[in-house]
Amino acid sequence: MNSLLLWFNQTGSPPNFDRFCARWAPWAWAIAFLAIAAGVYGGLFLVPADSKQGENFRILYLHVPAAWMSLFIYGVMAIQAFIALVWRIKACEILAMACAPIGAAFTLITLATGSIWGRPTWGTWWEWDPRLTSELVLLFIYFGVMGLHAAIEDRRAAARAASFLALIGLVNVPIVHFAVNWWNTLHQGATISMTAAPKMAQTMLLAMLLMTLAFWAYAFAIVFTRAQALALERERDAEWVRVLRAKA
């Protein structure tokens, strides 16, 4: 535990954090580009049409990974928020706030693609289904974190207040995930599970996993890039930032 805290403190110092983001963001961008190219090709050209849904099912290669990422990013944001509140590490404050708009974007993609898929499948654009409603609540929580952070002028106080809200909103994450198990819901159950064999063909599974890898890599890339920009803005008067500007 002490070594983990030491790593967080060392990496969390603003100059080290800037170097960390600058080092890993390009790799994440490269992986995202390659994975999304392979995933889109597989999902559009290699995977056959679904026997029941026809071509309409292909939008699920966006919808499902985006839904996973909407929850995963919230979990990362909440963990960073907890560390920021307990140990007051600046980098964790910045990472938590950098996650919010990215998570909101993935949640919006999830809702939009779900509605597009639902119109021909369910016969309606929207249904106040437990899974759909809790995902919409997740979007509002993301907006709340972003709005609270923007409303307070003092950046550190804003980050602490928004981090506290993020921790409160964490209660909605298991509701989104388990809604299809806890209630009689219109939304279908999980096709891919950690405890059971996948209910889909290998080519479909491969395309889905490639798109998921692409979304993961993109999320890390954009969060690192955004966090680096936020750190430079917050530390703009520091000596190390002036040195970077002089080198540029």
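Here is a short tour, from the whole chain down to single residues.

**The chain as a whole**

What you are looking at is a predicted model. Of the 248 residues in the protein chain, 43% are buried. Looking at contacts in the protein chain with a separation of 6 or more, 74% come from residues 24 or more positions apart.

**Helix α4 and its two partners**

| Helix pair | Axis distance | Angle | Crossing |
|---|---|---|---|
| α4 and α8 | 8 Å | about 130° | right-handed |
| α4 and α6 | within 10 Å | roughly 60° | left-handed |

Begin with α8. Helix α4 covers residues 90-122 and helix α8 covers residues 202-234. Their axes lie 8 Å apart at an angle of about 130°, which makes α4 oblique to α8. On the α4 side, the contact includes Lys 90, Glu 93, Ile 94, Leu 95, Cys 99 and Phe 106. Among the residues that α8 brings are Phe 215, Tyr 218, Ile 222, Val 223, Arg 226 and Arg 234. Sorted by class, this contact has 16 nonpolar, no polar and four charged residues.

Now turn to α6, which spans residues 155-169. Here Lys 90, Glu 93, Ala 96 and Met 97 of α4 meet Arg 156, Ala 159, Arg 160, Ala 162 and Ser 163 of α6. The residues of the contact of α4 with α6 divide into four nonpolar, one polar and four charged. Lys 90, Glu 93 and Met 97 also take part in the contact of α4 with α8.

**A closer look at single residues**

Is Phe 164 buried or exposed? Phe 164 sits in helix α6, and its relative accessibility is 51%, so Phe 164 counts as exposed, the cut-off being over 50%. Between the C-alpha atoms of Phe 164 and Val 145 there are 8.9 Å, while the two residues are 19 residues apart along the chain.

Terms used:
Residues are numbered from 1 along each chain as its sequence is written. This is a predicted model: local features need pLDDT of at least 70, side-chain atom pairs count only at pLDDT 80 or more; totals for chains, interfaces and linings use all residues. Side-chain values use heavy atoms; hydrogens and water are left out. Axes are lines fitted to C-alpha atoms, for helices over the stretch in contact, and angles run from 0 to 180 degrees between N-to-C directions. Helices (H or I, at least four residues) and strands (E, at least two) are DSSP runs, numbered from the N terminus. Angles under 35 degrees count as roughly parallel, over 145 as roughly antiparallel, 65 to 115 as roughly perpendicular and the rest as oblique. A crossing is left-handed if the near helix is turned anticlockwise from the far one by less than a right angle, and right-handed if clockwise. Contact means heavy atoms within 4.5 Å. Ala, Val, Leu, Ile, Met, Phe, Trp, Tyr, Cys and Pro count as nonpolar, Asp, Glu, Lys and Arg as charged, and the others, Gly among them, as polar. Buried means under 20% relative accessible area, exposed over 50%, partly exposed in between (1.4 Å probe, protein chains only).
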